[in-house]
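Biologist: I am new to this structure and would like to know what lies behind the terms used for it. Please set each term against its rule.

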Amino acid sequence: MQFNKDSLKINAEKVANQLSDLILSQIGGILKKGGAVVGISGGIDSSVVAALCAKALGPHKVLGVMMPEKESSGESEKLAGKLGEKFGFETIKEDITEGLAGLGCYSERNEAIRNVFPEFDENWRCKIVIPTNILEKKTFNLFSLCIENEAGEKKTKRMPLAAYLQIVAASNFKQRLRMATLYYYAEKRNWAVVGTGNKDEHEQGFFVKYGDGGADLKPIGHLFKIQVFQLAEYLGVPDEIIKRTPTTDTYSAEVTQEEFFFGLDFYRMDMLWYAMENNVPPEKAAKVLGLSVEQVKTGYANIKRKIMATEYLRREPLMANV
Amino acid sequence: MTVLNETTIRSALRAFIMESFLFGNTEQAFDDSDSFMENGIVDSTGILELISFIEEQYNIQIDDEELIPENLDSINNLVSFIARKTAKMG
């Protein structure tokens, strides 16, 4: 098959029109709902989805919900507000800090962090990261915990299983409370919740089950991240959002999606993944991407491992079928 | 490391994996050379569980740079790795 540097280029106008038609038919025709509720973070995915919904349904049928908490970046809220202004839909802000505190999100997480770093103070910042050199060596996608004190001094350590599980379980309250909040606003209006995950997130499992993974439709779930960027340009998403480094907005220390989960820049990951899915021989992919054959094989293996390891997240509840 | 010790390590690892990840289901047979990740036997969370088991069971500390498939991704790889680590400790 053809594989070149432009293999993931899309006709953005055509794709935007197709998705706009699809959103309209899914929300109005299949789900029988009157509008769209979208959680907006000031990131590129939620911006593209909100813009597509406004195009499909009209801005007056779209509600953008900002759900910051005490560890969110202030930048996220500012950019989300700009997005609403640009596309003319209503936005509201729901601070979820108190709800998260009530659920034990911060206290349970900090307790687990102190099992790894006893000196951790709740005013310090933390994040979890994976290796970001996945093309250089075959490595497991194991998380490390990184803390940063008020003086900016950082310490990183691999997490033991119990601490890892507790930190993830507690942190996942953030996405799950955001999902519950979106459904509150959607049900109050008899509207649908529109998910904002892209293909990278959906298939490699970079989402929280019944958290940000919980939605009535996922219009960009089949698009590679670099295709979402092309759609954003076409739709006129503000430049500050397009140029912003994608982050998780989950941990108090700044963490990019690359260091938190994907371990590779989006262009190389998406191109490698596309090549792998289309059975492009590693030798050919290596030539196009300026990588060694060994790096391509390592990249293929890493992506495959992530897809396999996160299969559980994409499963619907198993039924008895007896 | 004697052959007997390697045999003991091998059977302890197999028992742990069967019990922890396969719920004792003997129909899910796998060879000692099969990759855990490629065959869906152990996922990345399971690898953490496996690391904790090995560190406790054999009283060894596994360094970050040792967390590679060549050391951990099959029964054979694990047996060689543990044998090397415990031999170093004398």
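Biologist: Which residue of E5(A) is the bridge partner of Cys126(A)?

Modeller: In this predicted model, Cys126(A) has Ile147(A) as its bridge partner in E5(A).

Biologist: What makes E4(A) and E5(A) a pair of strands?

Modeller: The rule asks for at least two bridges between two strands. E4(A) and strand E5 (residues 144–148) of chain A have five bridges, in the antiparallel sense, and therefore they count as paired.

Biologist: Why is strand E4 of chain A called mostly covered?

Modeller: A residue is buried when its relative accessible area is under 20%. In E4(A), residues 125–129, four of the five residues are buried.

Biologist: Which strands of chain A form the open sheet with parallel pairing, and in what order?

Modeller: Four strands form that sheet, in the order E3-E2-E1-E7. Strand E3 (90–93) and strand E7 (192–193) of chain A are at its edges; each has a single partner strand, so one side of each has no neighbour in the sheet.

Biologist: Why is Ser47(A) called buried?

Modeller: The limit is under 20%, and Ser47(A) has a relative accessible area of 0%, so the term applies. Ser47(A) is part of helix H2 (residues 44–57) of chain A. Leaving aside neighbours within four places in sequence, the contacts of Ser47(A) are Gly42(A), Leu83(A), Val237(A) and Ile241(A).

Biologist: What makes Arg158(A) and Glu55(B) a salt bridge?

Modeller: A side-chain nitrogen of Lys or Arg must lie within 4 Å of a carboxyl oxygen of Asp or Glu. For Arg158(A) and Glu55(B) the closest N and O atoms are 3.8 Å apart, so the pair qualifies. The rule finds two salt bridges across the interface of chain B and chain A.

Biologist: Which helices of chain B each supply at least two residues of the side that touches chain A?

Modeller: They are helix H2 (44–58) and helix H3 (69–72) of chain B. H2(B) gives the most, with eight residues. By class, that side of chain B has nine nonpolar, six polar and eight charged residues.

Biologist: How many residues are in contact, and how much area is buried between the chains?

Modeller: In chain B 23 residues are in contact with 13 residues of chain A. The two chains bury about 1600 Å² between them, 69% of it on carbon and sulfur atoms.

How values were computed: Residues numbered from 1 in each chain as written. Chains lettered and ligands numbered in written order. Predicted model: local features only at pLDDT ≥ 70, side-chain atom pairs only at ≥ 80, totals over all residues. Heavy atoms only, no water. Contact = heavy atoms within 4.5 Å. Buried area = accessible area lost by both parts, 1.4 Å probe. Nonpolar A, V, L, I, M, F, W, Y, C, P; charged D, E, K, R; others polar. Buried < 20%, exposed > 50% of the residue type's maximum accessible area, 1.4 Å probe, protein only.
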